[in-house]
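Here are some notes for a colleague opening this structure for the first time. Please keep the view open and follow the points in order.

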Amino acid sequence: MQLSRRGTRAVVVCAVLALTACSSGGHGGSDEIHADYPSYASIDELASASPVIARFKVSSTVRESTLQPAGTATGGEIPITLRPSTVTEVLAGDLRVGQTINLSRPGKLDESIEGMEDVEPNKEYLLFVEAYPDGRASIIGGDEGIFKPAQAGAAFTSKKFGTVTANTLQSAARKAHP
């Protein structure tokens with residue numbers, strides 16, 4: 001599936017809206033929400049759908065906020081969790097090394113997303129994201145856009161794509177963002 005940048009934004013908003021529609025609530029304890037994100041068949045497709053590909057150091061700080069999707073009525077806010085993360089390397093996109101953005105994940109702190117990995121505090125990741133003017137960034141494809149460093153940074157691991165060399169990821173970024 002090939003998405004334009006505008007199409008990617010629409011899919012992200014739709015995925016977030018689907019999350020709140022499927023969120024379980026009032027059952028006590030931690031809730032679990034269900035997400036329906038687009039899926040990518042290859043790293044090249046993921047790179048093409050991602051306006052930004054960069055390495056981030058995730059902070060231990062986390063806070064809850066809400067997001068008011070464009071075109072929704074007042075009171076239609078969606079709960080989100082924000083994790084400040086510092087850019088350590090940019091493969092593609094308009095972020096700069098040293099810049100801090102807030103990684104935005106749907107749901108509250110006590111909610112998990114069924115079957116989806118999340119970033120952990122104080123860890124470094126290579127992430128495929130969409131960055132927004134308000135300082136937030138969303139990971140593309142749910143957890144498909146999360147790559148953990150392996151083999152001293154010469155490779156990365158992904159839940160979907162397994163172990164991938166840094167050269168393969170750099171090549172995908174160059175093809176998608178010449």
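1. Start at Phe147. Leaving out residues up to four places away in sequence, Phe147 touches Ile43, Leu46, Tyr125, Leu126, Phe128, Phe156, Thr157, Ser158, Phe161, Val164 and Leu169. Keep in mind that this is a predicted model.

2. Several of these names return in the largest nonpolar core. That core has 18 residues. The members that touch the most other members are Ile43, Leu46, Ile53, Leu126, Phe128, Phe147 and Leu169. Helix 2 (43-49), strand 7 and helix 3 (166-176) are the elements that give two or more residues to this core. In soluble globular proteins, nonpolar side chains tend to be buried together.

3. There is also a second, separate core. It has 15 residues, among them Ala54, Phe56, Val87 and Leu95.

4. Now the rings. How many aromatic pairs does the structure hold? It holds two. One is formed by Phe128 and Phe147. This pair is tilted, with 5.3 Å centre to centre and 45° between the planes. Phe128 lies in strand 7 (residues 124-131) and Phe147 in strand 9 (residues 146-150), so the pair ties together parts that are 19 residues apart in sequence. Phe128 and Phe147 are both buried.

5. Phe147 also pairs with Phe161. Here the rings are stacked, at 6.2 Å centre to centre and 5° between the planes. Why does this pair tie together parts that are 14 residues apart in sequence? Because Phe147 lies in strand 9, while Phe161 is in the loop between strand 10 (155-158) and strand 11 (162-165). Phe161 is buried, as is Phe147. Through these ring pairs, Phe128, Phe147 and Phe161 are linked into a cluster.

6. Look next at the strands around Phe147. Strand 7 and strand 9 run antiparallel and are joined by two bridges. Leu126 stands opposite Phe147 of strand 9. Strand 9 also runs antiparallel to strand 10, with three bridges joining them. Lys148 has Thr157, in strand 10, as its bridge partner. Thr157 is also one of the residues that Phe147 touches.

7. Check the turn of that hairpin. Four residues lie between strand 9 and strand 10. Within this hairpin, Gln151 takes a positive phi near 50°.

8. One further ring deserves a look. Which residue lies over the face of Tyr132? Arg136 does, at 4.5 Å from the ring centre.

9. Move to Thr81, in strand 4 (residues 78-92). Buried or exposed? Thr81 has 11% relative accessibility, so it counts as buried; the cut-off for buried is under 20%. Its side chain reaches the backbone oxygen of Gly107 at 2.7 Å. Setting aside neighbours within four places in sequence, Thr81 is in contact with Val62, Arg63, Leu103, Ser104, Arg105, Gly107, Lys108 and Leu109.

10. Finish at Pro106. This residue belongs to strand 5 (residues 100-106). Its relative accessibility is 9%, so Pro106 counts as buried. Glu64 is 42 residues away from Pro106 along the chain, and their C-alpha atoms are separated by 9.8 Å.

Note on methods: Residues numbered from 1 in each chain as written. Predicted model: local features only at pLDDT ≥ 70, side-chain atom pairs only at ≥ 80, totals over all residues. Heavy atoms only, no water. Phe/Tyr/Trp six-rings, centres within 6.5 Å; stacked < 30°, edge-to-face > 60°. Buried < 20%, exposed > 50% of the residue type's maximum accessible area, 1.4 Å probe, protein only. Lys NZ or Arg CZ within 6 Å of the ring centre and 35° of its normal. Polar contact = N/O pair within 3.5 Å; in protein donor to acceptor, adjacent residues only side chain to side chain. Contact = heavy atoms within 4.5 Å. Core = buried A, V, L, I, M, F, W, Y, C linked by side-chain atoms within 4.5 Å. Pairing = 2+ DSSP bridges.
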